[in-house]
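Thank you for making time this morning.

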Amino acid sequence: MNARSAPATKSYETVIGLEVHAQLLTRSKMFCGCPTSFGAAPNTQTCPVCLGMPGVLPVINRSAIEFSVKTALAFGCRVNRACRFARKHYYYPDMPKNYQISQYEEPLAEEGWLEIEVGGGVKRIGIQRLHLEEDVGKLVHEGTLETAHASLVDYNRAGVPLMETVSKPELCSPEEAAAYLRAFRAVLVYLGVCDGNMEEGSLRCDANISLRERGAKELGTKVEIKNLNSFRNVQRALEFEVERQARALDAGERIVQETRLWDADRGYTRSMRSKEYAHDYRYFPEPDLVPLELEPSFIAEIQANLPELPRARRQRFVSQHGLPPYDADVLTQSRALAEYFEAAVRDFPNAKVVSNWVMSELLRVLPGDDEAAIRATKLTPLRLAGLLTLIDDGTISGKIAKDVFEKMFRSGDDAASIVKREGLTQVADTGALERIVDDVLAANPRPVDDFKKGRSAAKGALVGLVMKATQGKANPGLVNSILEEKLSKA
Amino acid sequence: MIGDKDVEHVARLARLALTESERARMREQLSAILQYIDKLKAVDVEGVEPTSHAVPLLNVMRDDEPAPCLPQSEALANAPDRVGEFFRVPRIIED
Amino acid sequence: MKTDAKPHLTQLTIHELVDAYRAGSTTPTAATEAYLARIAAHDDKVGGYLTVTREEALAQAHAADERYRKGIPRGPLDGAPFAIKDVFCTRGIRTTCGSKILDGFVPPYDATVVTKLKEAGAVVLGKTNMDEFAMGSSTEHSGFKLTRNPWDLARVPGGSSGGSAAAVAGDLAVAALGTDTGGSVRQPAAFCGVVGLKPTYGRVSRYGLVAFASSLDHVGPLTRDVQDAALVLETIAGLDPHDSTSVPEAVPHYAAALTGDVRGIKIGVPKEYFTPGMDADVQRSVREAIAALEKLGAATEEISLPMTDYGIAVYYIIAPAEASSNLARYDGVKYGLRVPGGKDLIDMVSRTRAAGFGAEVKRRIVLGTYALSAGYYDAYYGRAQKVRTLVRRDFERAFARVDLIVAPTTPGVAFRHGEREDPLSMYLNDVFTVGADLAGLPGISVRCGFSAAGLPIGLQVIGRAFDESRVLRVAHAYERATSWLEKRPQL
């Protein structure tokens with residue numbers, strides 16, 4: 001299927017809904033005490049409960065409930081005070097009990113929303129529901145799923161708490177879908193409920209997409225797309241699907257309701273299985289767990305302790321710190337970076353200067369969304385503020401400061417110590433500078449001549465020579481004014 | 001009451017391979033049982049809440065504390081087919 | 001048959017045995033060896049045990065010996081030789097649930113009740129036979145062997161805890177653990193003439209009890225007399241953090257409730273539990289027992305439990321539905337049987353389940369799956385859970401007027417092997433026991449007579465939730481006022 005051939009002829013509306021599964025950052029699993037850390041040797045983080053052995057019983061992890069309520073409130077959902085778990089039945093070897101403990105008729109929360117920024121504007125996307133369930137194990141195929149003679153199962157991941165959210169089908173383009181996922185992930189990471197790592201599978205996304213003729217009221221046939229493991233792949237896969245479906249509809253073909261897998265290497269989606277015959281999950285309330293009735297005070301306390309969310313923080317950076325929206329955007333890409341910025345501003349109250357330094361220098365050496373790295377860096381906000389103070393009071397020049405920054409990052413030392421140790425203090429001694437300028441002027445009659453003839457650019461060259469003579473340590477402002485004065489008298 | 005197709009469908013849902021004669025006998029026996037169970041239709045359940053739990057407990061949860069796991073050898077000890085650190089299953093054909 | 005003037009070691013109750021240990025007139029090892037010898041001599045006839053754990057039992061007995069020698073026994077069960085229904089997980093010991101599909105399964109953990117018994121010093125003699133996955137009322141549906149009623153080897157011991165009941169009745173264990181979902185402790189207790197107690201739902205932890213029907217499964221002891229039942233219940237009851245449905249209700253000193261005084265207790269006799277087709281011996285015995293209770297000072301009145309007629313129908317939707325879900329895990333992937341030669345995973349799973357499960361289990365899985373399937377949920381499972389609420393209300397209404405309900409445990413006595421082949425006729429056995437399971441109420445069965453053919457008859461006492469003390473008191477008072485226990489089966 002060549003997605004690059006002639007574009008679709010009719011005009012279609014795209015309707016997309018996203019289902020996001022997020023592994024919660026609890027210390028133990030959803031229904032047992034096994035640890036949830038990633039990367040352990042196979043089948044070393046299991047117990048009779050998460051292995052689904054005969055006779056075992058689940059017990060709810062309180063933190064998973066708290067994290068989910070926190071997330072639900074952050075998305076403006078209505079938290080259902082009374083909710084319960086249900087069994088969802090289907091046979092698959094990564095699911096030890098051949099049923100998954102999930103939620104069905106009484107999910108934890110419903111009717112929320114998430115604002116995304118698209119095309120210069122803001123759009124609100126509805127969130128249908130949010131519920132909790134247990135994750136399944138990992139299958140490793142000898143070859144690919146299709147060619148393997150056997151598969152291997154690792155149950156370490158089985159039982160990890162999974163929070164599922166389903167958006168309303170209100171996304172209108174692959175671009176919006178990617179934006180939704182980015183914004184969604186940012187909230188979860190901000191709240192500290194999920195690490196948002198799509199490569200490791202702690203954040204997973206499936207999309208449902210259908211096309212309909214522009215202006216039509218009914219939705220088209222829905223196709224589910226799986227295996228979208230990055231923002232880019234979400235967008236690429238959906239772009240492919242829009243083309244595929246549009247071309248099919250143009251040709252008068254019927255869209256098959258099915259599940260398709262995105263093949264990132266080959267750049268297409270292919271049919272996985274037909275969803276026309278829907279699974280009969282035979283849901284019924286989980287008899288081994290008693291219902292939850294969350295106290296209003298419990299919910300209120302979580303609400304009161306919600307941290308400032310990404311969009312609100314972005315807006316505040318613009319209004320309170322006077323930053324341009326671009327800066328606010330970059331600085332709030334992670335909670336750690338935003339906090340870094342604000343800590344530095346507390347000590348060096350020039351937000352734009354701090355912002356410039358964080359964006360151009362700090363982000364050269366640290367990824368802006370690496371919470372751990374930012375919190376752990378030896379170049380603390382206090383240290384950065386210290387460096388900026390040295391520039392501000394003229395001790396060093398901006399150019400030298402960049403050098404010092406590098407050294408600070410690598411050594412962990414503070415700016416003042418480095419400047420002192422390496423003798424980088426800016427030369428601001430007027431007398432000394434005057435002597436150097438005199439020497440440069442005497443040694444370079446041509447540029448002086450050019451300047452007197454009206455070529456003002458020659459002054460720049462002279463400044464450069466003075467800087468060179470002082471190994472860059474001269475205070476540029478002073479050099480400029482001294483040169484001005486001497487040249488005018490020459 | 002319950003047809004042959006129903007039994008076949010349900011047996012597939014339950015992953016039970018039944019022989020022809022098992023299916024036939026099951027259909028007969030289940031029909032008789034379902035007929036007996038049909039007497040429940042006569043009961044007026046208007047406004048009656050279902051009992052999913054015999055005890056009126058709520059909010060039973062545990063603290064988020066990690067607990068010791070099974071050693072890998074014990075987790076795999078009962079595996080019908082074990083390969084190294086994994087359980088092995090025959091090839092999976094999508095249903 | 002009268003007992004000898006001096007009862008044999010294996011004829012003593014737990015409290016008599018432990019008294020003897022304390023007095024130094026015998027030891028746990030002597031008793032354990034005596035039981036093991038009896039098992040070796042008679043169990044091929046009775047078929048109570050699936051696994052006998054000789055080495056482990058003797059090691060536990062030796063340890064108990066030491067404690068008595070040092071004068072530091074752990075409590076009223078220390079050194080008592082128990083049998084455990086094979087539905088409970090026992091660490092390091094083969095656990096089959098009476099099913100071929102768990103062939104070779106050795107659990108890496110103990111059920112909570114097993115841990116509690118071991119901590120109390122009890123000796124585990126072995127695992128007993130049962131109807132496969134606890135589905136049955138005769139133990140004829142075991143995947144391995146038949147169990148015979150010690151009173152008449154041509155007859156069933158009842159089920160599904162038939163092996164446990166037969167072991168206690170045949171003096172092959174001093175007591176046993178069983179489970180009751182539709183009557184599976186009380187009914188075999190009645191058929192075998194022993195005491196069978198089903199506590200309130202949530203009173204005893206289900207962790208490690210291989211699930212049949214989660215909202216109906218109860219753990220209960222089978223013992224020689226009521227005092228023993230009280231002692232075992234004290235040990236196994238209590239909140240378990242591993243079981244979300246276990247209740248944080250304090251565990252009273254049940255044995256202290258056995259005062260013998262039943263004056264003023266109001267007893268209800270449900271008219272629906274005396275049906276025309278019932279065995280005449282059973283009716284007579286139970287009526288006489290009620291008269292005996294009146295003589296002891298209890299007040300009796302007739303009550304009505306109008307939903308009785310619907311109990312079986314409700315039970316036979318809910319139990320199979322939950323069972324079909326609980327048994328989905330048996331698929332040859334992680335433990336148990338795997339049938340080789342399948343062309344792919346689905347084929348392997350289907351063949352394994354076909355080969356591993358018996359006919360009754362398959363029947364209930366299909367019935368249960370049907371009741372939960374799309375389009376049928378509301379009509380079957382949904383409706384049954386609502387009628388279940390009405391069954392509970394029946395009991396609530398009755399207990400507004402009376403303190404206890406007294407009735408027959410079963411409509412008849414132990415039947416012959418092969419006599420109840422039709423599933424529905426087997427299910428109707430449970431008509432007097434399912435009610436207490438559906439409502440989660442405590443119930444006990446005690447011996448109250450014999451049929452003309454010499455088969456035991458059971459009297460059932462049902463109480464309010466968590467009122468086991470009163471249930472035990474009345475049962476105990478009746479037992480002490482009569483001499484039914486003098487008769488023993490002859491193996």
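Predicted model: local features only at pLDDT ≥ 70, side-chain atom pairs only at ≥ 80, totals over all residues.

Chain A contains 16 helices and 17 strands. Its radius of gyration is 30 Å, whereas the globule rule gives 23 Å for 490 residues, so chain A is more spread out than a compact globule. Along its principal axes, the C-alpha trace of chain A spans about 95 × 55 × 45 Å, and 43% of the 490 residues of this chain count as buried.

Let us move to chains B and A, where 30 residues of chain B are in contact with 39 residues of chain A. On the side of chain B, the elements that give two or more residues are β1 (61-62), α3 (72-76) and β3 (86-90), and β3(B) gives the most, with five residues. This strand also pairs with β10 of chain A, residues 150-154, in the antiparallel sense and over four bridges, and there A:Ala150 stands opposite B:Pro90.

Which element, then, supplies the largest share of the side of chain C that touches chain B? In that interface, 54 residues of chain C are in contact with 47 residues of chain B, and the largest share on the chain C side, 10 residues, comes from α12(C). Sorted by class, the residues on that side of chain C divide into 28 nonpolar, 14 polar and 12 charged.

Key
Residues numbered from 1 in each chain as written. Chains lettered and ligands numbered in written order. Rg over C-alpha atoms; globule rule 2.2 N^0.38 Å. Buried ≥ 20, exposed ≤ 12 C-beta atoms within 10 Å, placed from the backbone. Contact = placed C-beta atoms within 7 Å. Nonpolar A, V, L, I, M, F, W, Y, C, P; charged D, E, K, R; others polar. Pairing = 2+ DSSP bridges.
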